[in-house]
Amino acid sequence: MWAPDIYEGSPTPVTAFLSIAPKISISANMSRVSIVASYGGTLQQIFFFCSIASMILEALASMAQTKVKRPLAHSSIGHVGYIRTGFSCGTIEGIQSLLIGIFIYASMMIDAFAIVPALRQTRVKYIADLGALAKTNPISAMTFSITMFSYAGIPPLAGFCSKFYFFFAALGCGAYFLAPVGVVTSVIGRWAAGRLP
């Protein structure tokens, strides 16, 4: 619950680092655990529940945001749920989706947080202020729009491929409830992230 406040109040380089580095570290450590040791069904169910909770929290909480950085924080929470889907499967497909997803997520975050300082220089702080960005800085507006559409999982962008691999891995390991919940929260998240471009 503290992530949106931290994203809003911290300097952008610190926010970018804190949004990428811990997820890569946790994903690397958990993938090592899932490769070396097979965990039982109870732990897998806990991972599935945490994944669903993260995705639902992101989908519902990001709908009410009005500032530019806060939806990025909620999107980060949701992406933790998607990433957790990959390693909670405990299969090779799950690990592959985890690696692809974390690479795509890191690329999207680097791109988004490279554009946010430029938005701050043009006095864009609220989502409603983004309407004039296409007139004042069309290249930043187009880059930010493509990044946010990728966040939302719009095909054929990288974010869609990432979520597709996660849901494919979830279906492959028998998590038939997790994949539809992920698709529904992804659609709700599309609306929330789609407001930014």
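This is a predicted model: local features need pLDDT of at least 70, side-chain atom pairs count only at pLDDT 80 or more; totals for chains, interfaces and linings use all residues.
## Helix H5

A helix here is a DSSP run of H or I with at least four residues, numbered from the N terminus, and its expected span is 1.5 Å times one less than its number of residues.

Residues are numbered from 1 along each chain as its sequence is written, and side-chain values use heavy atoms, with hydrogens and water left out.

## H5 meets H7

The axes (lines fitted to C-alpha atoms over the stretch in contact, with angles from 0 to 180 degrees between N-to-C directions) of H5 (residues 92–121) and H7 (residues 138–152) come within 10 Å and cross at roughly 145°. Contact means heavy atoms within 4.5 Å; on the H5 side, the residues involved include Met 108, Ala 112 and Ile 115, and those of H7 include Phe 144, Met 148 and Tyr 151.

## The largest pocket

The largest pocket holds about 370 Å³ of space. Pro 22, Lys 23, Ile 26, Ser 76 and Val 80 are the closest to its centre, out of 16 lining residues. Helices H1 (3–9), H2 (12–36) and H4 (69–89) each give two or more residues to the lining, and H4 gives the most, with seven.

Key: On a 1 Å grid over the protein atoms alone, a cavity is a set of points where a 1.4 Å probe fits but cannot get out, and a pocket is an open set with protein on both sides within 12 Å along at least five of seven lines; lining residues have an atom within 4 Å of a point. Grid points are joined across faces, edges and corners, and a volume is the space filled by probe spheres set on the points.
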